[in-house]
Amino acid sequence: MSDTATGLGEGAGWGEFVTTEVRDGIAWITLNRPDKRNAINPGIVREMTAVLDAMEGDDAAEVLVITGAGDAFSAGQDLKEYFRETENWPPHERDRMFAANAAWQWRRLMYYRKPTIAMVNGWCFGGAFQVLVGCDLAIAAEDATFGLSEINWGIIPAGIVTKSVSMVMPQRDAMYYIMTGETFSGTQAAEMRLVNKAVPLDQLRDEVTRLAETLRKKNPHVLRACKTAYHHVRQMGWEQSLEYLMAKSDATKFRDPERGDEKGMSQFIDQKKFKPGLGAYDRES
Ligand code: ACO
């Protein structure tokens, strides 16, 4: 598929297993194997890596939304193509593909330069939790079905799935679903804070669009610093966090191309034209 706004797509390293559409500042990125419930195969790993590389430098893509084609977000890693068929690959090639998968699903998404939203439209299993947690925010359909199904076929939630769920789910819920392999709904996912919100499926895209619009109004340089700082301080003690955050704050202000803090302060104190408690300053003025 070719991409309406950027001209990227076919010939740019994706289009078969992952499709993209960039419209009004939002990059809609769709895992595209609906007949296999968007199970993650080496093709998705390759194409998602290319998409994330390209979108990072594409000014038309301000917020990324990751979703799935058909009735699935993703059924996790492809048991056949990702595991069984790679068993006889040369070890270094298999290791490289596994590393590339961990990279896009976790490190790349977590520290991505732009805001990311997982739009969970349906089935979400196993390895798909890494993508879900790797995204900054997540909105699910109320009837979406989630499951840490690894125990059902005799493995532990590996890759970095167990770490991912331990960062966002309460312990009792994480342990319960890891150990039972039972499924839960989008509504339950919202109750246990695995996703931000669950809405009826027919409202999902509108809800995600509204959230993306809110993010688009914020200073992108500061937004990037906020998410990076959040992930780093979670691993630090209090003293280091204070030092790091004060230094990061200075660096963020110093390197901000639009001098957001000065604009915001002036619009509030001098011009009295906005209230920071209620929304973002006007980036255009
Ligand atoms: N890996 C490989 N193929 C898959 C996967 C998967 N994870 N999930 C679905 N498929 C394939 C099926 O084999 C089937 O292929 P076929 O048409 O060639 O037979 C096709 O997708 C459709 O799957 P169905 O099972 O027929 O679809 P249904 O809608 O009835 O059920 C469901 C969907 C519940 C998601 C089911 O496919 C399933 O349980 N999938 C596995 C989910 C899972 O346990 N994922 C975790 C994997 S472990 C990990 O990620 C580390």
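## Overall size

The radius of gyration used here is taken over C-alpha atoms, and the globule rule is 2.2 Å times the number of residues to the power 0.38. With 285 residues, a compact globule would come out near 19 Å, and the protein chain has 20 Å, which agrees. Its C-alpha atoms fill a box of roughly 65 × 45 × 40 Å along the principal axes.

This is a predicted model: local features need pLDDT of at least 70, side-chain atom pairs count only at pLDDT 80 or more, and totals for chains, interfaces and linings use all residues. Residues are numbered from 1 along each chain as its sequence is written, and side-chain values use heavy atoms, leaving out hydrogens and water.

Let's look at the pieces. The protein chain has 11 helices and 10 strands, which are DSSP runs (helices H or I, at least four residues; strands E, at least two) numbered from the N terminus. Of the 285 residues, 44% are buried, meaning under 20% relative accessible area with a 1.4 Å probe, protein chains only.

Contacts (heavy atoms within 4.5 Å) tell us about sequence distance: among those between residues at least 6 apart in sequence, 65% join residues at least 24 apart.

## A look at helix α5

Which residues of helix α5 are buried? Within residues 161-168, they are Val161, Ser164 and Val165. These cover an arc of only 90° around the axis, which puts them on the same side of α5; the arc is that of the directions from the helix axis to the C-beta atoms. The buried residues of α5 pack against α4 (128-134) and α6 (171-180).

Note on methods:
Buried < 20%, exposed > 50% of the residue type's maximum accessible area, 1.4 Å probe, protein only.
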